[in-house]
Amino acid sequence: MSFLLGLVVTMGCMLGGFAALGGHLIVLWQPWEFVIILGSALGTFIVANPTKVILDTGKSIAQAVLDKVPKRRDYLDVLGLLHALLREIRSKARNEVELHIDSPSESAIFNAFPGVLKNAEMTAFICDYCRLYIIGNVRTFEIENLMDEEISAIKYDRLKPYHALTAVGDGLPALGIVAAVLGVIKAMGALDQSPELLGGLIGAAMVGTFAGIFVSYGIVTPLAFKVKVARTKECHVYLIVKQTLLAFMNGALPQVAIEHGRKSIPSHDRPSIDEVESEAMNGAAKGAA
């Protein structure tokens, strides 16, 4: 919603200011200039990126515009699941714990937190490192290095749409100049026409430069940054899991370990200790049931 509001304000101020200066808005309506610019931008975007990134870019734009990012409820679910799972690891035999880790879709603990379970990559991340721990002879610093490598790889993959959109935004002003040059070439072919017609052709060509710069800095670049923010928040959940599991591997009790994870949540989204404890107890009750 904030993106759409910002876009309305930007367009309103730009077009309103132009009209207030005495400009005629109809002059800005040059559809073929926009076809040249936006079509070329789309074509270069398709050339530069594999199909997977193209599809993921559409998904990331929807995610950013609709603000589908992890929120307090999501953090509570992750911490509640981790608490229940770590209690199980601490109190049960290895073969009993492996049932939860090897088949999370059939685990009462994971099914108590469907929001986490539906994220297959997050579920695999949790299960993989819990499996490494229960195998035994784990050296925490090696696990930490492995986690850092995997999180870096996940973040790199998640931010590919951001880099793709940024590249398009950087190229749009140049594509606007291309459209303007084509318009000037057309105008040069009409030098024998009336000054009124010639002025209209040159004005239409200048719209190309305006459109390329405005679409770049007024729409695509802010949208790319919004995608980056959304995807970075999504990746931050892995850091919460990392801090919790490492604290547990270093000997902390489950309730202390999840406090390590809670403290790594940004302050404006961070649930209170009481909320986390309540969620942990509820998760333990659901898992036992």
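Axes here are lines fitted to C-alpha atoms, for helices over the stretch in contact, and the angle between two of them runs from 0 to 180 degrees between N-to-C directions. The model described below is predicted.

**Helices H11 and H12**

Two packed helices are described by the angle between their axes and the distance between the axes. The axes of H11 and helix H12 (residues 254-263) cross at roughly 145 degrees and come within 7 Å. The crossing in which H11 passes H12 is right-handed. On the H11 side the contact is made by Ile240, Gln243, Thr244, Ala247 and Phe248, and on the H12 side by Pro254, Ala257, Ile258, His260 and Gly261. Sorted by class, this contact of H11 with H12 has six nonpolar residues, four polar ones and no charged ones.

**Aromatic pairs**

The structure holds four aromatic pairs. A pair of aromatic rings is described by the distance of the centres and the angle of the planes. Two of the pairs are set out here.

| Pair | Type | Centre to centre | Angle between the planes |
|---|---|---|---|
| Phe125 and Tyr238 | edge-to-face | 5.1 Å | 90 degrees |
| Phe210 and Phe214 | stacked | 6.0 Å | 15 degrees |

Phe125 belongs to helix H8 and Tyr238 to helix H11 (residues 195-249), so their pair ties together parts that are 113 residues apart in sequence. Phe125 and Tyr238 are both buried. Ring pairs also link Phe125, Tyr129 and Tyr238 into a cluster.

Phe210 and Phe214 both lie in helix H11, four residues apart, which is about one turn of the helix. An α-helix has 3.6 residues a turn, so residues three or four places apart point the same way.

**Helix H5**

Which residues of helix H5 (residues 94-102) are buried? They are Val97, His100 and Ile101. These residues cover an arc of only 95 degrees around the axis, which puts them on the same side of H5. Asn95 and Leu99, on the other side of H5, are exposed. The buried residues of H5 are covered by elements that include helix H4 (72-91), helix H6 (108-111) and helix H8 (120-135).

Notes: Residues numbered from 1 in each chain as written. Predicted model: local features only at pLDDT ≥ 70, side-chain atom pairs only at ≥ 80, totals over all residues. Heavy atoms only, no water. Buried < 20%, exposed > 50% of the residue type's maximum accessible area, 1.4 Å probe, protein only. Helix = DSSP H or I, 4+ residues; strand = E, 2+ residues; numbered from the N terminus. Arc of directions from axis to C-beta. Contact = heavy atoms within 4.5 Å. Phe/Tyr/Trp six-rings, centres within 6.5 Å; stacked < 30°, edge-to-face > 60°. Left-handed = near helix turned anticlockwise from the far one by under 90°. Nonpolar A, V, L, I, M, F, W, Y, C, P; charged D, E, K, R; others polar.
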